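The notes follow in the order of the look-ups.

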Amino acid sequence: MDIKNAQQEVDNWIKEHGVRYFNELTNMAQLTEEVGEVARIIARRYGEQSEKESDKNKDLGEELADVVFVVLCLANQTGVDLQAAFDKKMDVKTKRDHDRHHNNEKLK
């Protein structure tokens, strides 16, 4: 599924199941919360913090999907075509960073 279709799927879900979008500030707070849940898993599973028993069954993919869902909500309610924005960003990064990372001694 491409991003444009994902945006439409989220919009359809909101209309069928969610009543309406939360306002942008609420969704921003929700996004922050979801990113925090991702950070907690990463810090404990891949970082130096010990993983609590209650965190061991947390699904990183599910938490990342929560982040994507809220980002798609924010894009929809602010009129952003995220597919176009993403395609443009990838083009910019490809042109700007083509040799940059290959020449970075820290990455060798």
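I counted a residue as exposed when its relative accessible area is over 50%, and as buried when that area is under 20%. The model is predicted.

Entry 1: helix α1. I looked up the buried residues of α1, which spans residues 3–18, and found A6, Q7, V10, D11 and I14. These residues cover an arc of only 140 degrees around the axis, so they lie on the same side of α1. I noted that α3 (60–78) and α4 (82–97) are among the elements covering them. On the face turned away from the buried side I found the exposed residues K15, E16 and H17. Just after α1, I recorded a positive phi of about 70 degrees at V19.

Entry 2: I found the side chains of K15 and D11 joined in a salt bridge, at 2.7 Å from N to O. K15 and D11 are 4 residues apart in α1 and therefore separated by about one helical turn. K15 counts as exposed because its relative accessibility is 60%, whereas D11 is buried at 13%.

Entry 3: other salt bridges. My count came to 11 salt bridges. One of them links E51 and R45 at 3.1 Å, N to O. I noted E51 as partly exposed, with a relative accessible area of 24%, and R45 as partly exposed at 28%.

I also looked up the pair D97 and R100, whose side chains meet in a salt bridge at 3.1 Å, N to O. D97 counts as buried, at 8% relative accessibility. Salt bridges with shared partners join K93, R96, D97 and R100 into one network.

Definitions and conventions
Residues numbered from 1 in each chain as written. Predicted model: local features only at pLDDT ≥ 70, side-chain atom pairs only at ≥ 80, totals over all residues. Heavy atoms only, no water. Buried < 20%, exposed > 50% of the residue type's maximum accessible area, 1.4 Å probe, protein only. Helix = DSSP H or I, 4+ residues; strand = E, 2+ residues; numbered from the N terminus. Arc of directions from axis to C-beta. Contact = heavy atoms within 4.5 Å. Salt bridge = Lys/Arg side-chain N within 4 Å of Asp/Glu carboxyl O.
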